[in-house]
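Please read them beside the coordinates.

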Amino acid sequence: MLVDDGLTPYYSAHNPPFDTWMYGLFWDLGDALGNRPLGLALHTILQVALVISGIAASFCWLRLVRVPRSVRIALFALACTLPLFPLSAECMTKDYSFAAVFLPWSLAVCEYVRTNGRLFESRRAVALFFALTMLLMMTKKTGVYIAVPVAILSAVVMRKASLRLLLSTLAAALLYLVAFEMLFFSFAGIVNGSSREMLSIPMQQTARCALEHPGDVTEAENAAITTVFGNDWQAVLPEAYNPTISDPVKALYYPYASTSDTLSYLAAWASQGVRHPATYLESFFANTYECAYPFVLMDQEMDIPAEWSTPEFAASLLSYTRDDVNADAVFDSIGGVHSASALEEARIAYNNGYEAIASLPIVNVLTSKALYALWIPLFAVGCLVYRRQPAGLLMVSPALLCLCALLAGPVSQSRYITPELYACFLVIGACWVTSNHASVSRKTRAGGPQTPQNQPCTS
């Protein structure tokens, strides 16, 4: 809100500008209606509707790949009763917006593979997929690192049949990276995010080394690390280090370090890693073990705390604003947005219900982060490798690439796992994919009627 209301020193791409604009439209709509939270409510309604539609379409697709009816009913009951789905769909945050687009995009990939490319015989389908791919990249930059590898993998698995998917994806990536990030950012004066966002793993490992091996640093390493973390890094980094999240350490890294400074730091990081490989591994797994350990529950953000609407909280945000902005201006921007106190009892009851479900033996696994982040995709991969179904592996690849993004983050907070949560039904359905589902019969090639297995679901 501070960025959208023009209270910050510059417009930063640290968070996707598209998301800021989109949210800003709803806030402005709320302002026009006399109540900014009303804009937030309208955004919630539309996002929930999009997620509902994507999940419903996923179950239609499960029928196309002939998932047994009993399995579909069980999964449908899960989708209708597990609080994780509505709770995540209600949030106005980039990860949830990205997940809401990731689901129909993944469904389009699965259907393209199932029909061996025939889905894109419709120009409308090509246009819609191009738009979805653009939204995937614009709502969160991770989308580039998911969409492009999927397109390349499709070329390996599907060969000539992948051409339209490959070209659509590469065109969207080129338009996003060149026209949007390079040209438009420059034209609009949008400042790119810091390079430190790409260095989460090395920075966490450096901080853990400073904590566990104080003083164990050469002169060259000290000089390189001092350039990006400051002279007192050996005292500050251990205090800031949090094993499960890299943000406190990242905040200490000089945000616009030069390329040579970054390379010098990476050289120091590598030389420290040679001496302390176990420490580096411990640091990495401390950030990501929740993606594998099955008894860490997903928690969703249910409310905007009332204290966020106090003058004291507004004053605490002045470090993000221009020097000429006072606390009153910040309060005018964000002060009216918080969860209604009249619904507090309902939120508590809802929360208690979720905790009751999460405490039940066996059932509690259904609320596990690791179930959606790792174990369901891993089970699907094992099943498809055993059955030698490369087309099914291609369908599962978007979820696997989301997992790779988590590990590269390295992050395991619940909101980052939402894309895999939404797509879990598609991943499970891919286990039933056979070569017949991803091929075109001779009769179809000759112009005859299509079989149910390869008839594209263009709707």
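At what angle do helix 2 and helix 3 pack, and how far apart are their axes?

1. Helix 2 and helix 3 (residues 69-81) pack at about 175 degrees, and their axes are 11 Å apart. Axes here are lines fitted to C-alpha atoms, for helices over the stretch in contact, and angles run from 0 to 180 degrees between N-to-C directions. Helices are DSSP runs of H or I with at least four residues, numbered from the N terminus. The two helices are therefore roughly antiparallel to each other; angles under 35 degrees count as roughly parallel, over 145 as roughly antiparallel, 65 to 115 as roughly perpendicular and the rest as oblique.

2. A word on provenance. The model is predicted, with local features needing pLDDT of at least 70 and side-chain atom pairs counting only at pLDDT 80 or more, while totals for chains, interfaces and linings use all residues. Residues are numbered from 1 along each chain as its sequence is written, and side-chain values use heavy atoms, with hydrogens and water left out.

3. From helix 2, Ile55, Phe59, Leu62 and Arg63 meet Arg72, Leu75, Phe76 and Ala79 of helix 3; contact means heavy atoms within 4.5 Å. By class, this contact has six nonpolar, no polar and two charged residues. Ala, Val, Leu, Ile, Met, Phe, Trp, Tyr, Cys and Pro count as nonpolar, Asp, Glu, Lys and Arg as charged, and the others, Gly among them, as polar.

4. For helix 6 (residues 123-139) and helix 7 (residues 142-158), the axes come within 6 Å and cross at roughly 140 degrees. Helix 6 and helix 7 are therefore oblique to each other. Thr133, Leu136 and Met137 of helix 6 make the contact with Gly143, Val144 and Ala147 of helix 7. Four of these residues are nonpolar, two are polar and none is charged.

5. The second largest pocket has a volume of about 780 Å³. On a 1 Å grid over the protein atoms alone, a pocket is an open set of points with protein on both sides within 12 Å along at least five of seven lines, a cavity is a set where a 1.4 Å probe fits but cannot get out, and lining residues have an atom within 4 Å of a point. The pocket's lining holds 33 residues, with Leu50, Pro104, Leu107, Leu128 and Leu132 nearest its centre. Helix 2 gives the largest share, ten residues. The lining divides into 22 nonpolar, nine polar and two charged residues.

6. Two cavities of 30 Å³ or more are counted.

7. Helix 5, helix 19 (390-408) and helix 20 (418-429) each supply at least two residues of its lining, which has eight nonpolar, one polar and no charged residues. Among the lining residues is Ser106, which lies in helix 5 (residues 94-114). Is Ser106 buried or exposed? Ser106 is buried, at a relative accessible area of 3%; buried means under 20%, exposed over 50% and partly exposed in between, with a 1.4 Å probe and protein chains only.

Note on methods
Grid points are joined across faces, edges and corners, and a volume is the space filled by probe spheres set on the points.
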